[in-house]
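Open the model in your viewer and keep the sequence panel beside it. Each stop below says what to select and what you will find there.

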Amino acid sequence: MWKIRKKRYILLFIITFLALLAIYAFSIEPNLLVVSRHRLNAETATNQGSLKIVQISDLHLKKFNHRTQQIIEQVNQLHPDIVVLTGDSIDKADQINGYDRFLSLLDRKIAKYAILGNWEYKSKVDLATLTKIYNNYNCRLLVNESTLYQKGNQSLLITGVDDLVGKPSLTKSLQNIKPHPNHLLLSHSPLYIDEVSTDELKVLAEYKPQYMLAGHTHGGQISLFGFAPLRPPRSGNYVSGWYQTNSIDVYVSKGLGISVLPLRIGTVPEISYFEWFLK
């Protein structure tokens with residue numbers, strides 16, 4: 001009799017644990033939010049100034065709701081100089097109005113720069129409409145382009161390449177652009193840096209961008225003791241956090257949304273905050 005009861009208790013424990021895990025994975029963790037903080041060039045900077053940069057990645061906006069409002073409030077409270085949106089902002093073309101509202105509530109004084117992700121292509125978002133919306137809210141869409149952000153005597157060169165499902169070109173991005181001591185590269189997929197051509201490697205060596213910010217992976221959405229068994233195509237060996245490559249230091253954000261599987265375990269949604277000490 002005791003053995004039967006023991007088996008029942010064990011079964012009840014397993015069922016309860018799985019039920020609680022499901023509630024956490026589907027309803028709790030996807031709605032959590034953490035701000036990861038990073039200091040860049042703090043030990044080698046020659047300039048007294050710094051720029052505050054916030055990265056928003058993989059929003060996968062499905063509808064404007066209370067969580068969306070929380071993200072906006074958190075970004076505004078950080079008082080960044082720059083917000084970079086590193087792709088996969090919406091899942092479907094008909095959600096562009098919700099994304100318009102999202103952008104409208106971010107502090108308009110903040111300079112914003114965006115790049116494309118694979119879902120902007122997959123959902124067939126009208127890029128002319130998206131570009132117009134970005135322009136309305138002090139945001140520039142960079143598709144194989146570079147721009148110089150300036151604040152007083154402080155400046156940062158920002159380069160945004162197209163997603164891997166498009167036609168990324170670092171050579172095109174830096175055409176007629178002079179090298180700059182403070183240079184940030186944006187790519188939705190971290191795998192991009194491993195697939196650059198020989199010619200682009202020469203461009204990297206010439207321009208020497210210090211950091212690349214990427215997303216795409218969602219940290220796997222499911223991470224078991226640091227192991228992410230499932231990741232999107234074109235993730236390469238990247239999951240989340242910092243990676244040192246031969247050509248540039250790469251930061252991969254866990255992103256803010258969910259895609260395909262409507263859950264997260266061990267990959268709390270992330271807003272990335274960087275203080276860049278200028279050279």
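**Stop 1: Tyr99 and its neighbours**

Select Tyr99 in this predicted model. Leaving aside residues up to four places away in sequence, Tyr99 touches Leu59, Leu61, Leu85, Ser89, Ile90, Leu130 and Tyr134. Now widen the selection to the nonpolar core around it. Tyr99 belongs to the largest nonpolar core, which has 30 residues. Leu85, Tyr99, Phe102, Leu103 and Tyr134 have the most contacts inside that core. Colour the contributing elements next: β2 (50-56), α2 (66-78), β3 (82-86), α3 (96-105), α5 (127-136), β5 (139-141) and β12 (270-277) each give two or more residues to this core. A second core of 20 residues is separate, and includes Leu40, Leu142, Leu184 and Trp276.

**Stop 2: helix α3**

Stay with α3. Which of its residues are buried? Select Ile96, Tyr99, Phe102 and Leu103: these are buried. Look down the axis of α3. An α-helix has 3.6 residues a turn, so residues three or four places apart point the same way. Now show what covers the buried residues of α3: the cover includes β2, α2, β3 and α5.

**Stop 3: strand β2**

Select β2. Six of its seven residues are buried, so β2 is largely enclosed by the rest of the structure. Then bring in its strand partners. β2 and β12 run antiparallel and are joined by six bridges. Here Leu51 stands opposite Trp276 in β12. With β3 the pairing is parallel, over four bridges. Ile56 stands opposite Leu85 in β3.

**Stop 4: the aromatic cluster**

Select Tyr211, Trp242, Tyr251, Phe274 and Trp276. Together these form one aromatic cluster. The model has eight aromatic pairs by the ring-centre rule. Begin with Tyr211 and Trp242, an edge-to-face pair at 5.8 Å centre to centre, with 65 degrees between the planes. Tyr211 lies in β9 (residues 211-214) and Trp242 in β10 (residues 241-244), so the pair ties together parts that are 31 residues apart in sequence. Tyr211 is buried, with a relative accessible area of 10%. Trp242 is partly exposed, at 35%.

Move on to Phe274. Trp242 and Phe274 are also paired edge-to-face, at 6.3 Å centre to centre and 85 degrees between the planes. This pair links distant parts of the chain, with Trp242 in β10 and Phe274 in β12, 32 residues apart. Phe274 is buried, with a relative accessible area of 0%.

**Stop 5: helix α7**

Select residues 198-207, which make up α7. Which way does each residue of this helix face, buried or exposed? Glu200, Val203, Leu204 and Tyr207 are buried. Seen down the axis of α7, they fall within an arc of 100 degrees, so they line one face of the helix. Thr198 and Lys202 are exposed on the other side of α7. Show α6 (170-173) and β8 (183-186) too: these are among the elements that cover the buried residues of α7. Then step just past the end of the helix. Lys208 takes a positive phi of about 50 degrees there.

**Stop 6**

Select Thr131, which sits in helix α5. At 27% relative accessibility, Thr131 counts as partly exposed. Now draw a C-alpha to C-alpha distance from Thr131 to Leu141. The two are ten residues apart in sequence and 6.2 Å apart in space.

Between α5 and β5 is a loop that holds Asn138. Check its backbone angles. Asn138 is not a glycine, yet its phi is positive, at about 60 degrees. Most residues other than glycine have a negative phi. Asn138 is partly exposed, with a relative accessible area of 36%.

Finish at Asn176, in the loop between α6 and β8. Asn176 also has a positive phi, near 65 degrees. Is this residue buried or exposed? At 79% relative accessibility, Asn176 counts as exposed.

Notes:
Residues numbered from 1 in each chain as written. Predicted model: local features only at pLDDT ≥ 70, side-chain atom pairs only at ≥ 80, totals over all residues. Heavy atoms only, no water. Core = buried A, V, L, I, M, F, W, Y, C linked by side-chain atoms within 4.5 Å. Buried < 20%, exposed > 50% of the residue type's maximum accessible area, 1.4 Å probe, protein only. Contact = heavy atoms within 4.5 Å. Arc of directions from axis to C-beta. Pairing = 2+ DSSP bridges. Phe/Tyr/Trp six-rings, centres within 6.5 Å; stacked < 30°, edge-to-face > 60°.
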